[in-house]
Amino acid sequence: MESNLSLAYLMLSAILFVIGGVGVLIRRNPLVMIMCVELMLNAVNLSFVTFGKMLNDISGQIIVFFVMVVAAAEVVIGLALIVAMARRRPGATADDLRTLRG
Amino acid sequence: METVVFIVSALIVLAGGLGVVSSRNPVHAALSLIATLFGIAVLFLNLGAQLLAVVQVIVYTGAIVVLILFVMMLLGVDREEDLETEPLVGQRLLAGLIGLLFLGAVLAIIVIGKDAIVTGTQSVTGAISPTVSNITQIGTELFTTYVFALEITAGLLTIAVVGAVVLSRRPNDLAPIPEPESMINMGDEPLTAIPEEGAH
Amino acid sequence: MVGLVWLIPALPLAGFLLLVFFGKRIGEPRSGWIGTGAVALSFVTACVVFAGLWGEPEHTYELSLFEWIPAGNFSVDIGFLLDPLSMAMVFFVTGIAALIHLYSIGYMHGDSRFPRFFTYLNLFVFSMLILVLGDNLVLTFLGWEGVGACSYFLIAFWFEKDENASAGKKAFITNRVGDWGFMVAIFMTFFAFGTVTYAEFLPLSPGLAETTATFIALMLFVGAIGKSAQIPLFIWLPDAMAGPTPVSALIHAATMVTAGVYLLVRVNPIIAASASWIPWMIAIVGIATAFLAATIAMAQQDIKKVLAYSTVSQLGYMFLAIGVGGYTAAIFHMITHAFFKALLFLGAGSVIHGMHDEQDMRRMGALRKVMPVTAVTFIIGWLAIAGVPPFSGFWSKDDILAYALHKSPILYAIGLITALLTAFYMSRLVFRVFYGDARWGESAEGELANLKAHTAADVAESDDHADAHDGAHAGAGHGAVHPHESKWPMLVPLIVLAFFAAIAGFLNLPFTHNLEFLNNWLEPVVGENQANFDLGAFQLTFELVLSTTIALLGIFAAYMVYLKNKVDPRRIELPFFANGWYIDQSITKFMGGAGRKGFELIAMFDKVVIDGAVNGVGRATRGGAARLRSIENGYVRWYALMIGVGAVLLVAFAMTQVSF
């Protein structure tokens, strides 16, 4: 594959990462925030596979595999937290967590 | 051919990503996320990572997004979010600025640096084999070079399961937490809450 | 068997830990039994270890558990030194402590902080055992501070009353002066020898330069006079009587206050290596304390205060013994004193308990009929301390006086006078409490008024005065006092202690060398530095007869004054003595006047320079924090944004570093 296409993959990855990051910063619904984090993770995954391709290295794909496992664990815990929070305070947003401030 | 596939998928990915960030209804956001994830799976195929493409579809769209949707239904939090107001003054402006700066910096590096941005050397031991299939190669690597990491992720998943069970157990004293006195009298801006009636 | 030595302090420690965590849940009677059991088991272990110690060479055994403080070439172990001296100490500490624990179950009955009392007592016994068994100065110092802290906790045990709390503080602060000396001595020892382990530096002491040895001995002496209440640091001990009576018996009579004597006996090679004025100073301070405290004890009205000054006086005897080279005599007197003084304090506690917390002797009298067991045991203790043969105090005091005569006849003479005073004030105590007329429920002022009525003319006025006071006291519930005998947990220790107070003298009979069991036992520790002389049969007989005569004379004098009323007591109980030679008042006056100016100057420096710097830092931090606070607004998204800012800055920095 020509290198220009690889660079295009990296640019796409960067754009997706920033979209996800901005989403985390401006959305208040915790579920949507989690989805935005997933976007960022996928952007990074894409860049990993691209780098692996550019260096002809299988490790790029292996690390993506691990990232996916960690992402799965993170989503499980994140959702459990959201459930626990929503039970206490239905309709709570991420901003409402500031009531925990001392 | 590759280029065409890339362009189409990239458009789907970006459209989905923007959809996640901008839809007021979380369910729409989740559906947009599925589109993005599918697009990335196609890109994985395009990059020759067949196993990851399949895992992406099964794990992300099949498990994670479904789980997110499930929680939405369970808690009934699929109400629309008011995107017009922003309690934090300057948050959006700053977020956009930061995003643009970051994006600009990274893109500048890629455009200026071209191939030189990849500073590693071509792999010898872990080279992608043209003869052995992708699945076999990843499997072999996972169970030889990365076997300890693999075991640790197993532990991580177990911990996550236990943690999820503990966290989502119904507590005995399920009284809603009242607004703390100190918060009310601090003269701060009012707390945000999703409006009771959604504008469906 | 001897390897079990670690168990001796470990058992009270276990009791302490159990009680400190679960004491409240264990509740009143059982927590007391746990505390008692731990110490009693410790005593049993001591017996087992003693049996094993016979087989060791020189009756000495060292056990090092682990390295505690490794710091360069300075190293301190947690280790135990078991030799005849520490064995003797362990025996009477654990034995008497077990009895006093048992006694406390009865005495503290119904107190709201009953479990906590036993928690402190167990911690105290643990600390005392560490002090005695530690194989180096630092470990001894750990125990030293531990007993000091427990003493503070227990003096101020009923801290609701202001005076108890301040008595605790007084004891603690006075002790700090002594602790300072001890610490300097430890530094100096390390400086001189490169080690603080007894077994390593004591054998090297004879080769020490005289000035160094003198300095170390002086500083150790400062430490010892703080803990053992000698002039000028004795002022805390009488006030320490604010604590519960078992505490006075255990800590402020039998064990803790003898720690200074133990320390000086332990380091006897250093005293031997120091200048010759050090033993003289120790002897003079000892005899002066003994005499001074005895005079004060004559004029006190509070039963516990009398015993407190008497303790100070007896400790003075022990210091005298050390100063004149009678180390075994000091230990001998320490042991007998522990028995009879613990007995006297516990007896006094029994009286106070039976009189419903009355401590003033002017409102006692004729108690031997209502409290027969207490009275009999107390009388045995009285005869022991007064020095009537064949009770224990006679032998140990006489031992000390024999050494004193060997050193100087003047010391001997003052010692004899003090013995006379001792017999006198103890007899006064016994006659006023157990004999004479029952004065229960009377007000002290009333009795004084009656005395006045006997001697002075204005009878009518005084009686009015007395009536008014009686009425007031009856109204306050003092009118009806029905003394009663105590329960068995309090009586058993009294009987056991009375037995030992009577016979402990046979530990060390002066008649033949073979009968000096304690001297022979302690030979490996003090042998070389013990003053050595032979009393002829004539001189020995003379001394024993003289001592007996003196003791009986004191008792007879008290009999004439307090039972036959031949002399007005007020001509003996001078205000000068009652006020403790005005030492406390003088200190207060100095601190309030001339001393205060100096302190104010130091306080000024502290306020302006040191506080200025400290507060400046604090103010700067607060000012900065107030400005930074607005960043921490509690919004998760805001924090995420800050992370984003950081990321951008990092990328920007990376861009300046690379070149394509």
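**Notebook: cores, a loop residue and a chain contact**

I looked up C:A501 to begin with. C:A501 touches C:F339, C:F340, C:L343, C:I380, C:G381, C:A384, C:F391 and C:S392, leaving aside residues up to four places away in sequence. Touching, or contact, means C-beta atoms, placed from the backbone, within 7 Å.

A note on the source: this is a predicted model, where local features need pLDDT of at least 70, side-chain atom pairs count only at pLDDT 80 or more, and totals for chains, interfaces and linings use all residues. Residues are numbered from 1 along each chain as its sequence is written, and chains are lettered from A in the order in which they are written.

Next, I checked the cores. A nonpolar core is a set of buried Ala, Val, Leu, Ile, Met, Phe, Trp, Tyr and Cys residues joined through C-beta atoms within 7 Å. Buried means 20 or more other C-beta atoms within 10 Å of the residue's own. The largest nonpolar core has 203 residues, and C:L220, C:L320, C:A342 and C:A501 touch the most other members. Helix 15 (residues 327–354) of chain C gives the most to this core, 17 residues. Helices are DSSP runs (H or I, at least four residues), numbered from the N terminus. A second, separate core of 67 residues includes A:L16, A:V18, A:L31 and A:M68.

Then I turned to C:M108. I found C:M108 in the loop between helix 3 (84–107) and helix 4 (114–133) of chain C. Is C:M108 buried or exposed? C:M108 is buried, because 22 other C-beta atoms lie within 10 Å. C:M108 and C:H353 are 245 residues apart in sequence, yet 9.7 Å apart in space, C-alpha to C-alpha.

Last, I noted that the contact between chains C and B takes 12 residues from chain C and 13 residues from chain B.

Note on methods
Two residues are in contact if their C-beta atoms, placed from the backbone, lie within 7 Å. Helices (H or I, at least four residues) and strands (E, at least two) are DSSP runs, numbered from the N terminus. A residue is buried if 20 or more other C-beta atoms lie within 10 Å of its own, exposed if 12 or fewer, and partly exposed in between; C-beta atoms are placed from the backbone.
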